[in-house]
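Dear colleague,

Please find the structure below.

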Amino acid sequence: MLLRRVVITGVGVVSPFGRGIESLMDGLLAGKSGVVRVPALAEITGMRTRVAALATGVDPMEIPRKFRRSMSNMSVFATLASQDATAMAGLGAEQLAGGRLGVSLGSTTGSPQTLEEFFRDFGADNSLERMKSTLFFHIMNHSCASNVAQVLGVTGRILAPAAACSTSCHAVGYAAEMIGLGKQDFMVCGGADEFHPLTSGTFDIMNAASLAFNDSPTSTPRPFDRDRDGIVCGEGSGILLLESLESALERGAEILAEITGFATNSDPGSIANPNASCIADCMRQALADAELEPSQVDYVNAHATATEQGDIAECTAIASVFGNGTPTSSLKGHLGHAMAASGTLELAACIEMLRRGLLIPTLNLDHVDPRCAGVLHPTGVQERQLNTIIKNNFALGGVNSSIILRRYQ
Amino acid sequence: MTDQETVALINSSLAEEFEFDLAAMTPETTLFEDMGLDSLDVVDLVIVLETAFGMKIREEEAIRKIRTLGDIHTFVIEKKRSTVGA
């Protein structure tokens, strides 16, 4: 339980549908897919998947060179999304640099693109003589957090959680706890990742990447569908501006939603395969943190990446906690899997679903896998009063996480 | 390569690296005040010059005294001459 109430007063996103929450919602509500065929993947020996969900609508030149020189694409995405989130919240230099605002922002790794470029050059003649002074700032694990803090002029705490697909759920949860404990009043939090063949390749060699829809990219991924065949990697950034309720009320800020619960646990049974019991425990812990009963949850925003093992384990867990009456959907069908950014991209959409009273179904879910039939899969965008949402993210490495989002009242 | 071509290559290389307006680059242009470079940029400036001219200058004492574009022009032209003469 949080000692102080924590609310969301700003949102910024960079997604395959472009920059900004409006473009994200337009794409989701229209049932569009951000997945495209990526010809460059065909040039890589051993790579079988050919599709990805690439970020659009980003102009890195908006960021002055002084800041941009230490950024790879993931930091560019995070910076633009953070600027949008803090602008939406109406924060000025007084708050940004006042020491009461921190950053909790992570990525799966440092920039894989910069690492590739460095080692290609280094390997040519075993020489460091062409290494740029800013290389380290691209590849350090806290690259996104530090770059965002530099641009915004943040003097408060910096936290850079890294837990692959659970990263941004962690970032939000830990940020909420930091505000809840009174250590900070504002937190810029979320995740970012840039697409690189290494990410797709990681899932491809595990036989967890989508291969069957290379010629019809918008038909994949297919969470919960009987014909799903794996993950489609994506990229982007989702950023939330969390704030103590006290601060938001004092400023007269518009409150978008409230974070009332967070839980994360480790599954030591496997570093790769999810376990339904551990996932269910994680969701129950989040509900306990929010002091809620399962029956009070109106919608489950699933992690569901369209792998057989993940989808079935999550559905089993959801059914065991919530039964078969709570609407459940995954946004991976629209957005692919943006890794460290996926949690907050999807949370951003959940905030809008709460605000608009609309429930977005899973894209490409045409025939529910009987092993995923234990939960309620909505079809078509539905108008529905939503008060409480649980958002799941699960990561390679055995890291589960759940966030409880509530309409502010 | 003539001295004029050397100057042009220096300017275009630095303009590209540091996103500076080529038309605004004169021998009097200062690296820190006018171009806004800092200590990190100077490290990269050396790499840009080494790459453009295929020479090693990182350990040169004279590089630490450079303040203007004109200083760079003079340094590189002299370095090229000494290398050719060696």
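A residue is called buried if 20 or more other C-beta atoms lie within 10 Å of its own, exposed if 12 or fewer do, and partly exposed in between, with C-beta atoms placed from the backbone. A nonpolar core is a set of buried Ala, Val, Leu, Ile, Met, Phe, Trp, Tyr and Cys residues joined through C-beta atoms within 7 Å.

The model is predicted, so local features need pLDDT of at least 70 and side-chain atom pairs count only at pLDDT 80 or more, while totals for chains, interfaces and linings use all residues. Residues are numbered from 1 along each chain as its sequence is written, and chains are lettered from A and ligands numbered from 1 in the order in which they are written.

The largest nonpolar core has 123 residues, and A:Val188, A:Leu240 and A:Leu242 have the most contacts inside it. Because domain 1 (7–251) and domain 2 (262–406) of chain A both give residues to this core, it lies between them; the domain bounds come from an automatic or database domain assignment. A second, separate core of seven residues includes B:Ile10 and B:Leu14.

In chain B, helix α1 covers residues 3–18; helices are DSSP runs (H or I, at least four residues), numbered from the N terminus. Its buried residues are B:Ile10, B:Asn11, B:Leu14 and B:Glu17.

Yours sincerely

Methods:
Helix = DSSP H or I, 4+ residues; strand = E, 2+ residues; numbered from the N terminus. Expected span 1.5 Å × (residues − 1).
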